[in-house]
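Please keep the sequence and the 3D view open while reading.

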Amino acid sequence: MLSVAPSPILTFEKVLRAFGTGGFTYADVVVQLERLLAIGASPTAMLEALQRRERIEPFPEYAHTEVVRLLNAAIAKSANEALISGAQSEPDEAQDQSPDSVLAEDAPESHHSQRRDLDAAAAESIASNEAVRTRGEEMLRESKRHQAEMRAMRDTLAARDATIAQVLNSLGERDAQLAELQQQHAKVVSMLEARAGAGTQLGADLRALQARSATLAAELATARAALQSEQNKSRGFDKAWAESLASNEAARSRADEALLEAKRYQTDSRALRETLVAREATIAQIKRSLGERDAQLAALQQEHAKIVPILKARADAGAQLGAELPAARMRADAIGLELKASKEAAALLSAQLTRSESGLNAARRELGALKTQLNSQLELLRSRDWQRGFDQNLCQELDARAQAAEAALATAAAPVPGAGIGGQGVSAPPVRRLGQRWTSIARPVMAGVAVAVMAVAAWFLVQHASAPKEAPIAAAAAVPEPGTVIRDCPTCPAMVVLPGGRFKQGSLRAESGATTFETPLHWVAIGPSLSMSSSAVTVDDFQQFIADTGSDMRGCDTYDGDWKRRPDSSWRNPGFSQTGTHPVTCVSWNDAKAYARWLSAKTGHSYRLPSASEWEYAARAGGEAVQPWSADGSAACATANVADASAAQRYPGWTVFGCSDGYVYTAPVGSFKANSFGLNDMLGNVFQWTEDCWNADYAGAPIDGSARSDGDCSEHELRGGSWFSTPAYVRANYRNHFAADYRTSSVGIRLVRDIAQ
């Protein structure tokens, strides 16, 4: 049984339904329409089918306009072809007639018939010219519409640029915006393909128009020869014909302009395609950036989950401090009463000291220094437990100064002839030395303080000859409370305010694992105006410093079975994977100093490296233990990133702790439990530079917490141990040292910030 081919009209209706359901694109509709016209489908019938379909479901504006234009062009083309065929058939019929038969016909009837035919041909020619002019005007309007669409597309591209910038700033809207860009891209590509097809069709129409113009020129020549006898009517016809020719020339000129515009449109289309390719590359880059940001967000969420219990612990510690505050106030009131008694004793001395100003000049200088020292000690006594003994060396030094002050006061209090009642001088009350009865709870210390205060008060009375004014006890009220977190800028390290205090630095020779580097054990006082970064400086923190200064810090010792200097290794590439929340490594002492200077200039505050004493005081966190875990080290992995079982699997033969913290190399800062001062990773993860020049022991070391500036200053002290360190070296009192320009992937940075009084 033979199959019957479907009619073109039914095929066209199926194409329209497929476009409405999304099965065909606009370009597919144009291709099918041109194919149907090429096989002889009636454009008039297809136009009627389109109108019927649009009563059910309207077409998009751009599709309706272009399809209707193509069908109208096909209808006009069919009409022109029919006109040309009719004009060519008339001369053939005229040639078939013999001269005799023409002469035999009635002359008037032939004349009138020929004139009617010429009038009809002229009317058809004028109508054809009008159609050509109308077509040219439509092409001109189409060209203007193309220009408007080009401007709209340029505006769309500018809007896309703004959208891309917004995507970079707003990660939350990335998925919706990306889908929108892809849809717009698909539409623009379809439009470009349609415009390219329209340009091709426009060129074909122009060529057909030129051929039609040549045919019309030939027809005009024939008409002029046939109408010579009809001069009056011929003049009118010639005039109309001349106007038609002028209109035709104008239409041809507009068509040429439209062709040039189409070429320019094709050029702009190519440029738009290239721009779209660049936009797609930008979108791909944004996708990669979004992936990296998602990873950073996940890391931040993990860090937040770890910070919540830390903040809760700090809140509990704050509540405990609030409970201890009344007792501290009572101690402060007792000190105030004793200071008042001391001032009354000083008032008794003022009358005798009025004539002894010349003898007190030497005592004033000594007492000024003593005042500074004793004020510091008094502040220290208010913040710490008074029942803990001072270091014997410090006691002897203060006792010697008290004896010197006593001698100066005895000299100044010598009787003056004629002074007092009956010429008797008034004896100065005895001064109590700091060394006497030192084992009592608080009296011996306060006696020394009272001596200093009386002497200072006497000096003040001599200078001002009036009652002394009481200095405010809370002189450091402007200092933030211990535990306060300070962050001077969004990319600055978070700094935790430390309490003032005193501790025993170093080790006893008899302690297990102690080295001569850590002896002798000695007392050190730390002032209250200090804050320390809660964790080591991170890669993100250091990145801002590099971006602002343009520093090039390449060349670093990294470990892969053995330590080796690699010229291309740096803080960006320390030999293992890191994120922005990992501690920065491969930084020398010089690099750390440069970072501290940059941060100080950026914030207007004083950032610096900690002294070795400040670092050890912060690591011990108010206790005496050098490690916050038991002797077997099984609990070390809950507190620090140390050489552990996971590292032993990667590097067999290492001496490690008997636990696993999950990290072979560095861990993100804050991954482990903070100490009681709120500081993370004081032990393990990375070694940390200190300000001190290297000395082989603590002989001659400062007792006020300052850094040592003597010794070998080409090398500086390191503290804390790292992911690589043997367990015996991960403790608060362990000391190591490297050259100032040495970089390694096991050393990082921790800063302190001085707090203005």
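In strand β13, Asp754 is the bridge partner of Leu530. The coordinates behind this pairing, and behind everything that follows, come from a predicted model. Leu530 belongs to β5, and β5 pairs with β13 (residues 752–754) through 3 bridges in the antiparallel sense. On another side of the pairing pattern, β5 is joined to β2 by 3 bridges, and these two strands also run antiparallel. Here Val496 has Met532 of β5 as its bridge partner.

These strands are part of an open sheet of 5 strands with antiparallel pairing, in the order β1-β2-β5-β13-β8. The edges are taken by β1 (485–486) and β8 (607–608); each has a single partner strand, so one side of each is left without a neighbour in the sheet. The pairing of β1 with β2 is antiparallel and rests on 2 bridges, and Ile486 has Met495 in β2 as its bridge partner. Helix α14 (residues 612–620) packs on this sheet, where it touches β5, β8 and β13, and its direction makes about 75° with that of β5.

A second sheet can be taken next. It is open, has 4 strands in the order β11-β10-β9-β12, and its pairing is mixed. At its edges stand β11 (736–739) and β12 (747–748), each with a single partner strand, so one side of each is left without a neighbour in the sheet. Strand β9 (residues 687–694) and β12 run parallel and are joined by 2 bridges; the bridge partner of Gln688 in β12 is Gly748. Helix α13 (residues 589–603) lies across β9 and β10 (712–719), at about 95° to β9.

In soluble globular proteins, nonpolar side chains tend to be buried together. The largest nonpolar core has 32 residues, of which Phe542, Tyr595, Ile749 and Leu751 touch the most other members. At least two residues of this core come from each of β2 (495–497), α12 (539–549), α13 and β9. The most is given by α13, with 6 residues. Beyond its neighbours within four places in sequence, Tyr595 is in contact with Pro493, Val537, Asp541, Phe542, Phe545 and Leu751. Apart from this core lies another, of 26 residues, among them Tyr617, Val642, Cys659 and Leu683.

At 1.5 Å a residue, its 14 residues (43–56) should span 20 Å, which agrees with the 20 Å between its end C-alpha atoms. Which residues of α3 are buried? They are Pro43, Met46, Leu47, Ala49, Leu50, Arg53 and Glu54. These residues cover an arc of only 160° around the axis, which puts them on the same side of α3. Arg55 and Ile56 are exposed, on the face of α3 turned away from its buried side.

A few backbone details remain. Most residues other than glycine have a negative phi, and most peptide bonds are trans. The peptide bond from Thr519 to Pro520, however, is cis, with omega near -5°; Pro520 is in the loop between β3 (501–505) and β4 (522–526). Cys586 is not a glycine, yet its phi is positive, near 55°. Cys586 sits in the loop between β7 (563–570) and α13, and with 0% relative accessibility it counts as buried. Asn685 also has a positive phi, near 70°. The loop that holds Asn685 runs between α15 (645–650) and β9, and Asn685 is buried, with a relative accessible area of 2%.

For the chain as a whole, the secondary structure comes to 15 helices and 13 strands. Of its 757 residues, 40% count as buried. Among contacts between residues at least 6 apart in sequence, 72% join residues at least 24 apart.

How values were computed: Residues are numbered from 1 along each chain as its sequence is written. This is a predicted model: local features need pLDDT of at least 70, side-chain atom pairs count only at pLDDT 80 or more; totals for chains, interfaces and linings use all residues. Side-chain values use heavy atoms; hydrogens and water are left out. The expected span of a helix is 1.5 Å times one less than its number of residues. Buried means under 20% relative accessible area, exposed over 50%, partly exposed in between (1.4 Å probe, protein chains only). The arc is that of the directions from the helix axis to the C-beta atoms. Two strands pair if DSSP finds at least two bridges between them. Contact means heavy atoms within 4.5 Å. Axes are lines fitted to C-alpha atoms, for helices over the stretch in contact, and angles run from 0 to 180 degrees between N-to-C directions. A nonpolar core is a set of buried Ala, Val, Leu, Ile, Met, Phe, Trp, Tyr and Cys residues joined through side-chain atoms within 4.5 Å.
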